[in-house]
Amino acid sequence: MAGATQGERLQKVLAQAGFGSRREIEAWIREGRVNVNGQPAVLGTRVKPGDAVRVHGRTLRVPPSQDVRVLLYHKPAGEIVSRRDPEGRPRVFQHLPPARGGRWVPVGRLDYNTEGLLILTTSGELAHRLMHPRYGMAREYAVRVRGALTEEEKQRLLSGVRLEDGLARLEALEEIGGSGSNVWYRMILREGRNREVRRLVAAVGHEVSRLIRVRFGPIDLPPDLKRGRWRALAPEAVQTLLAAAGLPAPAVQSDAGKKRPGSPGALQPAVSPAGRGRLRSNGRHAASRESRTPQGKSSAAHTRQGSKQARGEDQWSRTRSSPRRFSSRRRMP
């Protein structure tokens with residue numbers, strides 16, 4: 001298809017499919033690592049639906065033009081963000097709907113023991129931009145730490161800590177509740193290295209005992225999205241996300257109203273004003289203190305939260321008596 005005058009540019013199609021950035025793919029084309037319909041591709045090659053593109057030993061059959069779709073998934077601890085696992089552990093992709101001619105590309109990854117917001121999209125280019133440090137998308141976490149951080153340790157985390165893969169720092173840090181050996185903090189950073197929050201906390205002599213991502217860029221974890229459930233991002237919110245990543249906003253395909261069986265209904269836009277999020281009053285992420293139910297005991301409030309919580313699972317209290325809460329008047333960058 002080299003020299004064809006119709007169709008989409010090859011590097012755009014591969015970027016949308018999640019193979020890499022356009023710049024990376026252009027380098028592969030120059031190196032002769034990409035074939036189209038059995039012929040070496042060149043810069044300027046265009047492809048049409050049905051063409052066979054082979055790169056890195058994988059063959060992609062070019063699909064018809066697809067609209068951008070975005071899912072929000074509330075990942076529980078104990079799942080991996082992978083399509084295959086030799087150990088047979090539960091996988092996020094087991095719980096997602098079909099991508100209809102494309103594939104779901106995760107925007108970053110959450111490790112096995114981390115829970116919270118995971119964004120997935122059919123646009124590889126959107127995923128790449130959201131993850132790339134150049135675009136500075138804020139990642140916000142609720143972090144339970146064993147032992148309270150001292151003022152000196154907080155300052156080190158904000159100023160920068162030398163890790164094995166370079167200097168890392170938090171952009172914002174605030175204590176939001178807990179007592180004794182378990183203290184909750186709100187932490188924000190603008191990059192997504194492997195297990196970065198856990199390694200930062202370990203570098204100042206503490207251990208993370210629970211980690212929840214509550215925001216990525218302009219997208220908050222919806223307050224009523226239960227763990228293990230997904231929702232399609234509303235079209236207006238998809239447009240906002242594309243704009244935040246510096247991409248043009250084409251027509252978007254709406255999955256609003258579609259859901260995994262047993263999950264809540266259509267998602268309203270979960271976009272924080274000006275890209276600044278907050279912990280919301282969702283029973284897990286909003287209040288600043290932790291409530292526990294002793295073994296063998298239960299309360300009506302805990303019963304409403306479900307059997308796991310009634311058996312003593314940690315959760316954020318949703319009572320108004322919590323001493324400190326986040327609101328729109330009390331945001332951090």
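**Exercise 1.** Which residues are exposed on the other side of helix 6?

*Solution.* The model is a predicted one.
Step 1. Helix 6 spans residues 235–244, and its buried residues are Ala-237, Val-238, Leu-241 and Leu-242.
Step 2. These four lie on the same side of helix 6 because they cover an arc of only 140° around the axis. In general, an α-helix has 3.6 residues a turn, so residues three or four places apart point the same way.
Step 3. On the other side of helix 6, the exposed residues are Glu-236 and Ala-243.
Step 4. The cover over the buried residues of helix 6 includes strand 7 (70–75), helix 3 (124–131) and strand 16 (219–220).

**Exercise 2.** Determine whether Leu-60 is buried or exposed, and list its contacts beyond its neighbours within four places in sequence.

*Solution.* 
Step 1. Leu-60 belongs to strand 6 (residues 58–61).
Step 2. Its relative accessible area is 18%; buried means under 20%, so Leu-60 is buried.
Step 3. With neighbours within four places in sequence set aside, Leu-60 is in contact with Val-13, Leu-14, Ala-17, Phe-19, Asp-51, Ala-52 and Val-53.
Step 4. Val-13 and Leu-60 are 47 residues apart in sequence, and their C-alpha atoms are 9.8 Å apart in space.

**Exercise 3.** Which strands stand at the edges of the open sheet of four strands?

*Solution.* 
Step 1. The strand order is 3-2-5-6, with antiparallel pairing.
Step 2. Strand 3 (39–40) and strand 6 stand at the edges; each has a single partner strand, so one side of each lacks a neighbour in the sheet.
Step 3. Strand 2 (residues 34–36) pairs with strand 5 (residues 52–55) over three bridges, and Val-34 has Val-55 as its bridge partner in strand 5.

Key:
Residues are numbered from 1 along each chain as its sequence is written. This is a predicted model: local features need pLDDT of at least 70, side-chain atom pairs count only at pLDDT 80 or more; totals for chains, interfaces and linings use all residues. Side-chain values use heavy atoms; hydrogens and water are left out. Buried means under 20% relative accessible area, exposed over 50%, partly exposed in between (1.4 Å probe, protein chains only). Helices (H or I, at least four residues) and strands (E, at least two) are DSSP runs, numbered from the N terminus. The arc is that of the directions from the helix axis to the C-beta atoms. Contact means heavy atoms within 4.5 Å. Two strands pair if DSSP finds at least two bridges between them.
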